[in-house]
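Hi,

Here is the structure I said I'd pass on.

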Amino acid sequence: MNQLLKLSDFSVSFTTPRGDLHAVRGVDLSVAKGESIGIVGESGSGKTVLSRATMGLMPSTATCTGSVEFNGVPLSDLSHAEVRNYWGTGMAMIFQDPLTSLNPVRRIGSQLMEGLIVRLGMSKDQARARSVELLERVRIPDPYAAMKKYPGELSGGMRQRIVIAIAIACTPELLFADEPTTALDVTVQAQVLELLAELRQEFNMTMILVTHDLGVVAGQTDRVVVMYAGEIVEAAATKDLFANMKMPYTEALMKSIPRLDQSSGQRLRVITGRLPDPTTPEPGCSFAPRCEYATDKCRAEKPPLVTTQTGHQYRCFFPIGGSL
Amino acid sequence: MAGSGKLHLRLDSDPLLIVQDLVVQYKVNRKSFVSAVAGISFDVLRGETLAIVGESGCGKSTLGKAIMQLPRPLGGTVVLDGVDITALDGNDLRDVRPKVQMIFQDAISSLDPRLQVKNIIDEPLKVWKKGTAAERSIKVDNLLNSVGLDPVVVRDRRPYEFSGGQCQRISIARAIALDPVLLVCDEPVSALDVSIQAQILNLLQDMKEKLGLTLIFISHDLAVVKAVSTRVLVMYLGKICEVATPDDLYAHPAHHYSRALIAAVPIPDPEVGVDKIRVTGEPPSPVNPPSGCRFRTRCESASQRCATEEPQLQEVGLGHFVACHHPVTN
């Protein structure tokens with residue numbers, strides 16, 4: 001398989017007054033060309049930090065260790081300025097909040113054209129023509145008028161489409177979508193997800209979809225990675241994961257979601273407790289304090305990431321349905 | 001989607017709240033108004049959980065606030081426990097306020113950042129002179145216990161020291177401090193993680209059973225609504241589309257808008273095919289709403305009649321009402 005992105009023993013920590021905060025801990029992940037991967041987890045699980053750190057979008061308080069290889073190039077050995085060259089054409093990101101990720105005092109057109117001029121060396125006229133095409137592609141009605149508007153004049157769904165248009169402007173090989181639909185209504189969410197799937201096909205893009213919504217993941221991805229407290233706790237092909245969950249955390253997360261196909265008035269299952277404090281890692285399994293199956297072994301010893309023959313990975317001593 | 005009509009009201013069952021022809025307008029500029037709520041009628045029986053669902057901008061939050069007379073609706077009546085509160089003002093209206101309490105979407109910013117938790121929950125008790133300082137202090141501890149927070153640990157802390165879920169617990173404790181009869185919850189879990197969301201939904205359910213509360217639950221999340229409500233009201237651009245029990249609504253949506261809303265919810269199962277019923281575009285501007293049925297510009301079954309005549313609510317099943325000229329047949 002043709003590997004596009006490979007993370008090896010990748011960790012990110014932040015220096016805080018309370019000590020080092022370990023946001024991402026020893027992640028190994030490889031993404032093949034054309035694949036669509038979902039990264040799932042609660043807030044604070046490290047999924048957003050993982051995707052931003054991969055792109056090199058980290059503040060100076062962050063320390064990244066381990067290696068990031070993109071198309072065979074070790075990005076982790078490059079300087080910040082060199083990594084920048086990969087932005088737009090190599091990797092691009094759709095940020096979570098369409099309301100704040102656009103510059104409020106610049107017109108849509110100028111924000112769209114910027115990447116085209118800087119990265120692809122287009123002239124202003126070429127960039128303008130291409131921008132109109134892009135706006136049409138993301139189904140903005142009347143793209144010429146939209147070019148002259150400011151973000152504040154557009155609705156949330158329209159702004160998210162603009163953000164998508166900017167991200168795909170230089171046809172990146174790898175697209176990160178960080179909670180692309182969380183701020184949107186369900187009907188608009190469905191439209192945006194459909195658009196992303198189409199664009200992925202059309203440009204043969206690889207996508208990493210970061211979300212807390214297992215429903216979105218189910219319909220959009222080939223493979224799912226579940227994160228908890230900065231670590232990968234389970235990873236499998238999407239169908240395999242939903243049919244055959246191994247990790248108690250994944251199961252608990254799944255059961256806490258209210259579902260349309262369940263009858264009304266039922267009590268929801270809850271995961272008691274909270275994520276562990278990221279400044280003081282637990283000696284054992286990080287999910288053990290909240291896990292209903294946890295034993296003394298789980299609390300004392302850290303379970304390794306096990307890989308089965310089918311490529312299903314999990315980090316648990318007592319996987320659901322027994323170990324394979 | 002016009003949703004005028006009152007066929008769905010159950011006036012003979014002595015509802016706790018009866019809202020009729022409620023209209024709320026906001027001024028856009030000197031010339032134009034937007035009718036965020038454009039003539040809505042509904043009722044809530046005692047012990048019921050009525051869910052109000054719709055996309056952003058459909059007027060569901062405005063409707064919730066209008067029930068509390070914040071701001072005063074332009075027209076219509078709100079009868080709570082037999083008293084028309086739109087006719088009250090001054091001290092009479094103030095006397096009604098403790099009976100209706102509200103929980104807001106953004107729990108962290110709806111709590112005063114400079115107050116300690118004990119003062120936040122004590123404030124309504126103090127304002128309404130419920131007992132001496134010592135009695136109130138005991139009551140505050142009881143309230144904190146009842147929402148699952150340890151008073152010893154949380155009493156002296158301030159809101160920023162808590163997570164979103166904990167802040168929502170504090171909001172709930174504050175809302176139930178004055179023993180309300182009706183609790184209006186405006187998107188109480190939409191800012192929370194799925195795992196925390198389930199905890200808060202279960203807590204609301206417990207509180208409802210323990211205190212005999214009646215709930216109005218405003219949400220855009222149809223799956224959450226299905227889990228908590230006993231009756232659902234679907235809104236679009238300030239009007240009612242459909243009223244039904246959740247099981248009826250999700251199994252046999254009669255309005256094209258409800259059907260599209262339900263189809264748009266992603267199902268966490270990769271084996272379930274994607275439902276291809278889609279609404280295109282976004283809601284039109286409420287400043288200048290479409291004539292006749294307000295949903296017709298996005299509806300695939302719209303006819304000439306939909307443009308000229310506003311549909312009235314009609315009964316399509318027991319307790320299932322829809323405002324549509326061409327309801328979906330199953």
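This is a predicted model: local features need pLDDT of at least 70, side-chain atom pairs count only at pLDDT 80 or more; totals for chains, interfaces and linings use all residues.

E6(A) and strand E7 (residues 174-178) of chain A run parallel and are joined by four bridges. In general, the strands of a sheet pair through backbone hydrogen bonds, in either a parallel or an antiparallel way.

Zooming out, both strands sit in an open sheet of eight strands with mixed pairing, and the order in chain A is E6-E7-E8-E3-E9-E10-E12-E11. Strand E6 (91-94) and strand E11 (306-307) of chain A are at the edges; each has a single partner strand, so one side of each has no neighbour in the sheet.

What packs on the sheet? Helix H1 (residues 47-55) of chain A does, touching strand E3 (36-40), E6, E7, strand E8 (206-211) and strand E9 (223-228) of chain A. The direction of H1 makes about 145 degrees with that of E6(A).

Now the whole chain. Chain A has eleven helices and twelve strands in total. Its C-alpha trace spans about 65 × 50 × 45 Å along the principal axes. A compact globule of 324 residues would have a radius of gyration near 20 Å, and the 21 Å of chain A agrees with that.

As for burial, 52% of the 324 residues of chain A count as buried. Chain A exposes about 13,800 Å², with carbon and sulfur atoms supplying 51% of that area. Finally, of the contacts in chain A between residues at least 6 apart in sequence, 64% join residues at least 24 apart.

Cheers

Conventions:
Residues are numbered from 1 along each chain as its sequence is written. Chains are lettered from A and ligands numbered from 1 in the order in which they are written. Side-chain values use heavy atoms; hydrogens and water are left out. Two strands pair if DSSP finds at least two bridges between them. Helices (H or I, at least four residues) and strands (E, at least two) are DSSP runs, numbered from the N terminus. Contact means heavy atoms within 4.5 Å. Axes are lines fitted to C-alpha atoms, for helices over the stretch in contact, and angles run from 0 to 180 degrees between N-to-C directions. The radius of gyration is taken over C-alpha atoms; the globule rule is 2.2 Å times the number of residues to the power 0.38. Buried means under 20% relative accessible area, exposed over 50%, partly exposed in between (1.4 Å probe, protein chains only). Accessible areas come from the Shrake-Rupley method with a 1.4 Å probe; for residues, only the protein chains shown count as cover.
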